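Dear colleague,

Please find the structure below for your records. My findings follow it.

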Amino acid sequence: MTSASDAGSNKKKIIWFVVIIAIVGGIIAACAISASANQSPDDFIERTYTRAPQLDEAEIDAFTTTKSPSTVAAEISGQSKPVDKRTASDGSIWLQYSDDIVAIFPYNGGSKIMADDYDRVHRHYYGFVGGWWSSSPPGGGWGRGGGSGGGGK
């Protein structure tokens with residue numbers, strides 16, 4: 001027969017075990033969500049939309065679809081959560097990722113999707129994104145050195 005103090009001790013051990021399992025599970029879930037939240041949208045775009053090399057600009061890959069820009073933005077964002085999303089006055093939608101920028105323009109009743117490396121798209125479309133986003137990617141990307149005289153790429 002167990003004493004009351006043994007039973008109380010076992011109950012505390014079980015409670016601590018459950019608490020530790022919950023914490024570890026939460027950490028694992030948070031890491032999984034974080035890892036998938038800002039993944040590059042490139043693979044999804046390549047699998048989902050029609051490649052249109054005749055529409056490439058400054059080595060930025062172009063894709064087309066009959067879907068509206070808002071539908072395309074929702075599809076891409078649903079697969080790969082952007083850091084930021086902006087809509088320009090011309091109806092184009094811009095998705096910012098840690099290493100990429102996706103531009104979705106109204107085109108022939110559907111959309112033209114321009115997707116590539118953050119710095120390349122930022123340079124080419126500076127007139128759109130220059131007022132919104134800095135020239136270096138958010139969240140670490142390749143980054144630039146800090147302080148005066150900080151290094152470049």
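**Strand E4 and its surroundings**

Arg86 has Trp94 as its bridge partner in E4. The model is a predicted one, in which local features need pLDDT of at least 70 and side-chain atom pairs count only at pLDDT 80 or more, while totals for chains, interfaces and linings use all residues. Residues are numbered from 1 along each chain as its sequence is written, and side-chain values use heavy atoms, with hydrogens and water left out.

The bridge between Arg86 and Trp94 belongs to the antiparallel pairing of strand E3 (residues 84-87) with E4, which spans four bridges. Strands are DSSP runs of E with at least two residues, helices are runs of H or I with at least four, and both are numbered from the N terminus; two strands pair if DSSP finds at least two bridges between them. Five residues separate E3 from E4 in a hairpin, and Gly91 in its turn has a positive phi of about 90°.

On to the next strand: E4 also runs antiparallel to strand E5 (residues 100-107), with four bridges joining them. Gln96 has Ile101 as its bridge partner in E5, and the hairpin from E4 to E5 passes through three residues.

Within E4 (residues 93-96), Ile93 and Leu95 point one way and Trp94 and Gln96 the other, yet all are buried. Buried means under 20% relative accessible area, exposed over 50%, and partly exposed in between (1.4 Å probe, protein chains only).

**Nonpolar cores**

A nonpolar core is a set of buried Ala, Val, Leu, Ile, Met, Phe, Trp, Tyr and Cys residues joined through side-chain atoms within 4.5 Å. The largest has 14 residues, and Leu95 and Ile104 are among those with the most contacts inside it. Helix H2 (42-48), helix H3 (69-79), E4, E5 and strand E6 (110-117) each supply at least two of its residues, with H3 giving the most, three. Leaving aside residues up to four places away in sequence, Ile104 touches several others, including Val72, Ile76, Leu95 and Ile113; contact means heavy atoms within 4.5 Å. A second, separate core of 13 residues includes Trp94, Met114, Val121 and Tyr125.

**The chain as a whole**

The chain holds five helices and six strands, in the order α-α-β-β-α-β-β-β-β-α-α along the sequence. Of its 153 residues, 31% count as buried. Among contacts between residues at least 6 apart in sequence, 48% join residues at least 24 apart.

With kind regards
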